[in-house]
Amino acid sequence: DVPASSAALAVNGVVREKNKVFLASAPGTSELTGTQCSPNTVQWTYDTWMLANSTARAMVREGGDSWFFVTADYAFGHSMEVEGGKIIAAEGGRVLGSARFPFPGTTDFSAFLLRAQASRAKVIGLAFGGTDMANAVKQAAEFGLQRRGQRLAALILFISEVHSMGLETAKGLVCSESFYWDVNDRTRALTRRLKQNFSAPPPTMVQAGCYGVTLHYLKAVADMGVAAAKASGAAAVARMKAMPCDDDAFGPGTIRADGRKLHPAYLLEVKSPAESKGPWDYYKVLQTVPGEQAFRPMAEGGCPLV
């Protein structure tokens, strides 16, 4: 899985050299299906292009045409800021500035948020995730950024982070995810099985991605035989690409030649406490983006395999 984009790019090279299989769910860098694509890698769940495309494009079209980025100063944050900026500009919007904070180790985001507030941008793009996201959103609420008319766009957000923040703090956040437990009957059924069998809360999109990509890999192994799959990671990935994908987390989909899995992306807004009807009822689905539109066109990625 390999959670960090910087580590994922290193692992990507080792896996190709050793002819093994890299099933990527958590790493977001779109370089895994771009210039550093590999015949041994499948990038399943999301990437920085998808996050920026789904969130930034929709918000600019809704009138959020001026942005300020608060960005984690490492590869993943940089990639989200760059991808988001390109899409904002393509839609006729403007990026008024950015503030990059040291990663990891930053807990006080006040200086960066105050710079964003002073920019008077309509949208503050938060190009980071995890505990940092929860801390920054809580501090933004304390400063009253949203009350003053600025919207917060989380370029990556997990439902577990919304749970940690609470709806009163997180309400109004806009984000994109490729899995939400309450989008259809199949996702709800999967979530019920997880709760019944493991007493587990609804999965994040990365956890759902680990399930989806592992299931599809095992289907490919069953189809080609265990010995052949062990003998060549590239052959196993080729079989994964040749087979149609279908699982309860993501539904039907395909894997392109560059290793990019295609499935819908959902533009989501965090509900207010009054809108939520029960535990983990946290998102409103604003828009569903088909997989062919949600992810970067293969011709634009620079993958040498295509």
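A residue is called buried when its relative accessible area is under 20%, exposed when it is over 50%, and partly exposed in between, using a 1.4 Å probe and protein chains only. Helices (H or I, at least four residues) and strands (E, at least two) are DSSP runs, numbered from the N terminus. This is a predicted model, in which local features need pLDDT of at least 70 and side-chain atom pairs count only at pLDDT 80 or more, while totals for chains, interfaces and linings use all residues. Residues are numbered from 1 along each chain as its sequence is written, and side-chain values use heavy atoms, with hydrogens and water left out.

**Stop 1: the annotated span**

Select residues 2–271. The UniProt record, an unreviewed entry, places the feature "domain: Leucine-binding protein" there; UniProt positions are given in the numbering used here, feature names are shortened, and annotations may be inferred rather than shown by experiment. The span is 48% helix and 19% strand, and its end C-alpha atoms lie 31 Å apart.

**Stop 2: helix α3**

Select residues 75–90, which form helix α3 and include isoleucine 87. From first C-alpha to last, the 16 residues of α3 reach 23 Å, close to the 22 Å expected at 1.5 Å a residue; the expected span is 1.5 Å times one less than the number of residues. Color the buried residues of α3, among them Phe76, Met80, Glu81, Glu83 and Ile88. The buried residues of this helix pack against α1 (5–18), α2 (48–61), β3 (66–72), β4 and β5 (123–127), where contact means heavy atoms within 4.5 Å.

Now zoom in on isoleucine 87. Is isoleucine 87 buried or exposed? It is buried, with a relative accessible area of 5%. Leaving out residues up to four places away in sequence, isoleucine 87 touches Trp49, Ala52, Asn53, Ala56 and Arg57. The C-alpha atoms of isoleucine 87 and asparagine 53 are separated by 6.4 Å, although the two residues are 34 apart along the chain. Glycine 92 follows α3, with a positive phi near 90°.

**Stop 3: backbone exceptions**

Most residues other than glycine have a negative phi, and most peptide bonds are trans. Select phenylalanine 103 and proline 104: a cis peptide bond joins them, with omega about -5°. Proline 104 sits in the loop between β4 (94–101) and α4 (110–119).

Next, select serine 199, in the loop between α8 (185–198) and α9. Its phi is positive, near 55°, and serine 199 is exposed at 65% relative accessible area. Then go to tryptophan 280, in the loop between β11 (265–270) and β12 (283–289). The phi of tryptophan 280 is also positive, near 65°, but this residue counts as buried at 17% relative accessibility.

**Stop 4: helices α9 and α11**

Select α9 (residues 205–224) and α11 (residues 233–242), whose axes come within 9 Å and cross at roughly 105°. Axes are lines fitted to C-alpha atoms, for helices over the stretch in contact, and angles run from 0 to 180 degrees between N-to-C directions. The two helices are therefore roughly perpendicular to each other, a label for angles of 65 to 115 degrees. The contact is made by Val213, His216, Tyr217, Ala220, Asp223 and Met224 of α9 and Ala235, Ala236, Arg239 and Met240 of α11.

Within α9, the buried residues include Met205, Val206, Gly212, Val213, His216 and Met224. Finish at glycine 225, which follows α9 and has a positive phi near 100°.

How values were computed: Parallel < 35°, antiparallel > 145°, perpendicular 65-115°, else oblique.
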